[in-house]
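Trainee: I've got a model open on my screen and I'd like to learn how to read it. Can we go through it together?

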Amino acid sequence: MRLPTSGKGLIGVDITSATVKLLELKQLDSHYQVQSYAVRPINEGAVVERRIKDITHVAQVLRSAVEQARPMTRKAAVAVPVSAAITRTLSYPAALGEEEIEARIIEEYDRHIPFPFNEVAFDFQRLGPVPGDESQQQVILVACRQRDVTQMTDTLIQAGLEPAAVDVETFAVERAFGELERQLADRDANGSVALVDLGAKMNAFHVLTNGRITYSRDAVYGGRQLTDAIRERYGLTNEEAGLAKKRGGLPEDYDAQVLAPFIDTIVQQVGRSLQLYYTAGRTRQVEQLVLAGGSSVIPGLAERLAEENGLTVTQANPFHRMKIHRRLNARGLASDAPAMLTACGLAMKVSQ
């Protein structure tokens with residue numbers, strides 16, 4: 001089964017272990033305008049490691065986000081986690097068209113995908129000539145189990161949306177990075193950029209070269225650990241601890257006893273990821289670091305990362321060049337911007 005795609009405007013829907021994020025963009029010549037957006041929390045355990053465990057609850061939250069955002073379209077794009085996807089770069093004669101490539105992929109299926117054919121959804125995109133051989137074209141093949149696609153699309157349908165495209169998270173991040181890249185000053189064209197996405201329970205470390213992710217590493221540690229530490233030390237509920245983390249007002253020992261150890265752990269993990277990147281034989285120097293994710297705005301984190309790694313550290317804001325619809329809360333959107341990379345990349349998706 002081919003993965004669905006759409007050439008029209010889409011709502012990007014990003015479903016994580018802590019929130020559902022919805023974003024609608026409108027193309028304005030070379031720029032975008034943010035038409036609508038919403039961020040809504042979900043119950044603990046409803047999504048585990050980017051896989052939905054409670055579709056009914058997540059669909060209810062998504063429906064609430066749709067009612068809040070009031071988007072102009074109901075067509076939506078979602079992403080499966082990279083851990084659920086298989087990606088292959090193939091070579092075929094340049095003369096082959098879309099239908100012929102699809103037939104060839106199906107014919108050679110067993111060579112590329114280790115799952116039964118009737119359990120798999122796949123898609124492909126032509127990338128252009130093979131470097132140094134104009135007679136061949138590069139084709140990227142992406143496949144995942146049909147059940148992963150069905151789980152995501154069923155959630156959209158239950159929320160009153162129309163599934164129009166299914167992507168892979170890393171491709172959505174690459175697409176959004178095109179907006180971030182314009183904000184990075186004094187870059188060496190041959191250098192690379194590290195993107196650290198700090199979520200609630202996971203943090204993802206990507207290195208991008210020429211706009212493509214060339215190295216990735218995930219670690220099971222995120223902002224939820226800081227919330228838990230606040231809750232345990234000060235006897236708060238999860239909700240109270242989460243609000244205190246964002247708004248402040250905690251006792252005087254918070255910075256030294258709770259926040260500092262959390263930042264130390266993040267800094268150590270990023271340093272370890274950089275070390276492993278170079279150990280893997282990567283020759284492109286990482287020149288800048290971009291912080292994304294809901295936990296990336298923690299006071300003092302960017303400064304420590306810059307100090308420890310000798311890198312310029314920038315806060316991710318994919319909306320920096322975009323216009324904001326007058327009915328939206330621009331300050332609220334700016335606050336949520338670092339966590340909206342995947343949703344932004346999905347909203348930017350169109351069929352090739």
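Trainee: How many salt bridges does the count come to here?

Mentor: A salt bridge is a side-chain nitrogen of Lys or Arg within 4 Å of a carboxyl oxygen of Asp or Glu. By this rule the count is 19 salt bridges. Before we look at any, keep in mind that this is a predicted model, where local features need pLDDT of at least 70, side-chain atom pairs count only at pLDDT 80 or more, and totals for chains, interfaces and linings use all residues. Also, residues are numbered from 1 along each chain as its sequence is written, and side-chain values use heavy atoms, with hydrogens and water left out.

Trainee: Which residue forms a salt bridge with Glu-44?

Mentor: That's Lys-201, with the closest N and O atoms 2.7 Å apart. The two belong to distant parts of the chain, 157 residues apart: Glu-44 sits in the loop between strand E3 (31-41) and strand E4 (47-48), and Lys-201 in the loop between strand E11 (192-198) and strand E12 (203-209).

Trainee: Is Glu-44 buried or exposed?

Mentor: We go by relative accessible area: buried means under 20%, exposed over 50%, and partly exposed in between (1.4 Å probe, protein chains only). Glu-44 has 56%, so it is exposed. Lys-201, at 27%, counts as partly exposed.

Trainee: Which salt bridge does Arg-212 make?

Mentor: Arg-212 meets Glu-174, at 2.9 Å from N to O. Again distant parts of the chain are linked, since Arg-212 is in strand E13 (residues 212-219) and Glu-174 in helix H5 (residues 169-181), 38 residues apart. Glu-174 is buried, with a relative accessible area of 11%.

Trainee: What does Glu-179 pair with?

Mentor: Glu-179 forms a salt bridge with Arg-321, and their closest N and O atoms are 3.5 Å apart. Glu-179 lies in helix H5 and Arg-321 in the loop between strand E15 (312-315) and strand E16 (323-324), so this bridge ties together parts 142 residues apart in sequence. Glu-179 is buried at 4% relative accessibility, while Arg-321, at 25%, is partly exposed. Salt bridges can share partners too: Asp-14, Lys-21, Arg-50 and Glu-169 are joined that way into one network.

Trainee: Okay, strands next. How many of the residues of strand E1 are buried?

Mentor: In strand E1 (residues 11-15), 5 of its 5 residues are buried. Ile-11, Val-13 and Ile-15 point one way, Gly-12 and Asp-14 the other way.

Trainee: In which sense do E1 and E2 pair?

Mentor: Two strands pair if DSSP finds at least two bridges between them. E1 and strand E2 (residues 19-28) have 5 bridges in the antiparallel sense, and Val-13 stands opposite Leu-22 in E2. The two form a hairpin with 3 residues between them. E1 also pairs with strand E6 (residues 75-80), in the parallel sense over 2 bridges, and there the bridge partner of Ile-11 is Ala-76.

Trainee: How many residues lie between E12 and E13 in their hairpin?

Mentor: There are 2 residues between them, and Asn-210 in the turn has a positive phi of about 55°. E12 and E13 pair in the antiparallel sense over 7 bridges, with Thr-209 opposite Arg-212 in E13. Asn-210 is exposed, at 57% relative accessibility.

Trainee: What about Arg-70, where is its place?

Mentor: Arg-70 is in the loop between helix H1 (55-69) and E6. Its phi is positive, about 55°, although Arg-70 is not a glycine. At 56% relative accessibility, Arg-70 is exposed.

Trainee: Last one: at what angle do H6 and H8 pack?

Mentor: Two packed helices are described by the angle between their axes and the distance between the axes. Helix H6 (residues 223-234) and helix H8 (residues 254-279) pack at about 155°, with their axes 9 Å apart. Angles over 145 degrees count as roughly antiparallel, under 35 as roughly parallel, 65 to 115 as roughly perpendicular and the rest as oblique. H6 and H8 are therefore roughly antiparallel to each other.

Definitions and conventions
Helix = DSSP H or I, 4+ residues; strand = E, 2+ residues; numbered from the N terminus. Axes fitted to C-alpha atoms, helices over the stretch in contact; angles between N-to-C directions.
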